[in-house]
Amino acid sequence: MSIFSDVPQAPPVAVFQLTADFRQDSHPQKVNLGVGAYRTDDCQPWVLPVVKKVERLIVEDDSLNHEYLPILGLPEFRSASASKVALGDDNTAIKENRVGGVQSLGGTGALRIGAEFLRRWYNGVNNTATPVYVSAPTWENHNSVFTDAGFKDIRPYHYWDAASRGLDITGLLDDLENAPEHSIFVLHACAHNPTGIDPTQEQWKKIAEVMKRRNLFAFFDSAYQGFASGSLEKDAWAIRFFVSEGFELFVAQSFSKNFGLYNERVGNLTVVAQDSDSLTRILSQMEKIVRTTWSNPPSQGARVVSKTLNSPELFDEWKGNVKTMADRVLLMRDQLKAKLQALGTPGTWDHITQQIGMFSFTGLNPKQVEYMIKEKHVYLMASGRINMCGLTSKNIDYVAQSIHDAVTKVQ
Amino acid sequence: MSRPGTSLDEKGVEPNGDPGVHLPLFTSAHPETTTLLSAYDKDTHTGKVYLAGREYYSEEGKTFELRLVGKIKQQLSADPTLRPEYPPSFGLTEFTRRATEAALGKSSRAVVENRVLGIQTPGFTAAVRLGAELLRHWHDVCPDWCGPVYLSSPCDDSLPGIFQAAGIQDIREYYYWDDRQRDVCLEKLLEDLERAPERSVVVLSASAHYPTGADLSQHQWAVITQLIMRRRLFPFLLLPAQALCSGDLERDAWPVQYCASQGMELLCAQSFSHCFGLYGAAVGHLLCVLKQNCLLSSVRSQADEVVRSLWAEPSVGGAHVVATVLSNPAHLVEWHGEVRRIVERCMLIRNILKERLRLLGTPGCWDHLTQQGGLYCCTGLNGQQVEFLSQRRHVYLLPTGCLNVSAINGRNLDCVAESIHLAAIG
């Protein structure tokens with residue numbers, strides 16, 4: 001008698017199911033607007049030139065240490081992730097020695113370690129009842145990560161306003177006002193996934209004001225820094241503003257997209273504490289958590305990122321590569337909107353260029369999405385989310401026409 | 001080492017009231033105690049020797065990459081077909097296929113009958129953690145099953161924490177190493193397992209037991225597996241340094257093959273870090289052998305859910321190297337050669353150390369040094385003697401009296417042998 005006899009079948013993850021279906025499809029004009037990874041205009045994954053260069057340097061480096069990495073990860077990587085990327089070199093918190101990092105297995109790993117820590121040490125000890133708020137909608141994995149870390153109360157906060165195809169700032173601020181004190185809010189630092197709508201700087205200021213007053217915890221998810229606007233600084237504005245307002249906060253950083261290192265699982269949990277003593281204690285507990293999760297993180301990706309960030313020339317080259325990706329996305333946005341307008345597709349399409357980052361919430365309803373997939377072989381998420389990187393100069397006309405048909409033929 | 005029933009984890013600290021704007025948020029998080037390594041680092045004695053490291057050290061006292069691995073990495077870095085994309089959540093298919101083969105052999109009935117699941121994990125700890133999570137989620141006797149899990153005494157001190165992090169609080173020991181006999185005491189081991197409640201998980205080392213180096217014989221495996229089947233216990237096998245005992249992956253995994261051949265269900269955590277010198281790459285694997293293939297797809301889907309909220313996907317670099325070597329006969333020959341040198345050096349050090357102690361006239365029997373296998377060796381020295389070694393002789397062993405034989409080399413052998421001698425007569 002097997003101990004696994006009663007294991008129920010779990011539902012497949014939607015986005016991966018979509019890709020699987022896409023692969024099975026033999027239609028010559030099929031387009032995959034599902035998975036969140038960058039593609040070139042030839043619809044290929046892109047090895048950033050700077051990454052290729054740095055990988056060669058690493059492979060040829062005889063002096064490399066081949067030991068296990070420390071539990072918290074490669075030191076140069078952890079500090080550079082925070083200083084060069086998330087907070088900026090001249091950040092006061094860094095100068096005050098109250099910023100630390102935990103190298104993690106991608107953005108997911110960083111979120112999980114942060115969530116595990118909060119469940120153990122935030123708002124009491126082992127307080128699984130602390131409410132965790134995630135945006136409506138959000139990246140589906142947010143729910144699982146916090147649930148599996150032990151939190152019992154995951155709630156949505158207002159975010160996407162379907163009517164205006166924009167941010168429901170009133171609803172959001174209301175939720176902040178009414179959230180129990182000390183609730184945790186998972187905030188997307190930029191390029192919100194899946195909507196692509198970010199708060200403006202003014203809106204961020206309002207959000208911060210309420211969060212400070214109500215003692216809410218800010219947990220930033222930053223998977224697209226640099227990728228959204230092409231500028232690292234601009235994309236990190238919200239994080240840096242919160243830090244300047246004195247918040248203690250976490251930032252789960254992913255380097256999968258902006259370095260194209262999807263398969264090396266490079267992430268960092270940046271921790272901003274109130275003082276360096278606090279930081280020391282926090283990191284020591286983080287170490288305990290990591291020790292029972294993966295113990296020693298993989299070195300390859302962290303070395304690539306660290307070498308790049310810590311060398312002025314390579315850092316500049318990387319910023320250029322990131323801008324290349326961001327620019328292509330912006331171009332596709334412009335073109336898609338222009339084509340839909342030229343076709344006279346009913347509705348407004350301004351949101352396509354107002355949204356930023358990899359994703360766009362088209363506003364297509366589930367029936368229209370089904371039509372797109374079944375009739376047009378254009379694959380997108382049931383939510384109407386598309387990955388702009390799936391668009392190329394070769395397929396954009398077909399996609400625009402397909403959207404036009406979906407909107408006009410299917411209600 | 002944990003005592004039955006005690007929780008090793010969080011100290012029950014009361015929060016200092018409401019953390020307002022001015023107090024740091026995490027006031028109740030206290031720092032952890034210093035480790036053996038930090039004590040060693042602080043030691044200013046010039047001849048100090050650290051024998052408690054996890055990796056294989058060369059004669060020069062350094063960790064190194066196998067020459068073959070360096071070559072393969074070069075090749076892979078120039079390979080235009082390798083694309084920067086998210087790997088599958090269970091890792092590279094070629095890797096899991098080879099890792100499964102390395103544990104179960106090439107003609108495993110379980111594989112043929114499609115009752116085997118192989119999942120690439122970011123390292124050995126991650127494999128154990130994933131296995132622990134799966135056990136907790138699925139135990140069919142009662143949904144809230146939470147143990148007990150039996151660990152050998154002694155064991156890797158991170159193991160209790162891993163199971164507890166997965167939500168299993170009831171961690172117990174079974175008798176394993178006997179200080180007097182300086183070997184495994186089968187009788188007492190069987191007594192402990194006989195008393196284990198049905199459905200208990202028993203964590204057993206398949207080879208190169210950490211930290212003692214003392215492994216079970218084939219006969220002992222036969223007896224233990226009989227008990228496990230009769231008492232309906234669940235085996236979780238560990239292969240943290242596969243290939244470092246015999247120099248061969250499959251031979252070191254014999255216990256896994258044996259259990260599978262008995263029709264048992266099992267989990268097995270493997271690591272390829274040691275035998276490839278890929279410490280920084282976190283190359284682990286969790287093997288799951290089921291009793292029926294109709295269970296495979298639901299177990300797979302549940303495992304997928306667990307993986308997605310822990311690390312989503314593993315990293316590919318190291319797995320590529322391992323898969324490349326294991327799927328190429330020429331590479332395999334070269335790899336075997338390098339691993340054999342590592343294994344032979346460890347055996348040589350054991351022999352030399354035993355001989356030195358004999359020449360010094362050190363009391364007691366030291367045969368166990370050469371009977372044990374792999375990187376680690378349990379000397380049989382007690383807590384006081386171990387402390388004497390670190391405090392007075394600046395030679396650092398694990399508190400259990402175990403040491404990493406590869407850390408002994410031409411430069412420190414005299415000191416180590418003499419120190420053990422002094423500790424033994426002291």
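The place of A:Pro194 is in the loop of chain A between strand S7 (184-188) and helix H8 (201-213), and the peptide bond that joins A:Asn193 to A:Pro194 is cis, with omega at about 20 degrees. Helices (H or I, at least four residues) and strands (E, at least two) are DSSP runs that are numbered from the N terminus. This is a predicted model, in which local features need pLDDT of at least 70, side-chain atom pairs count only at pLDDT 80 or more, and totals for chains, interfaces and linings use all residues. Residues are numbered from 1 along each chain as its sequence is written, chains are lettered from A and ligands numbered from 1 in the order in which they are written, and side-chain values use heavy atoms, with hydrogens and water left out.

A cis peptide bond also runs from A:Ala136 to A:Pro137, where omega is near 0 degrees; A:Pro137 lies in the loop between strand S3 (132-136) and helix H6 (141-148) of chain A.

Positive phi values occur at two asparagines, as tabulated here.

| Residue | Phi | Relative accessibility |
|---|---|---|
| A:Asn97 | near 60 degrees | 53% |
| A:Asn126 | about 55 degrees | 37% |

A:Asn97 is found in the loop between helix H4 (92-95) and strand S2 (99-105) of chain A, and A:Asn97 counts as exposed because its relative accessibility is 53%. A:Asn126, in the loop between helix H5 (106-121) and S3 of chain A, counts as partly exposed because its value is 37%. In these terms, buried means under 20% relative accessible area, exposed over 50%, and partly exposed in between (1.4 Å probe, protein chains only).
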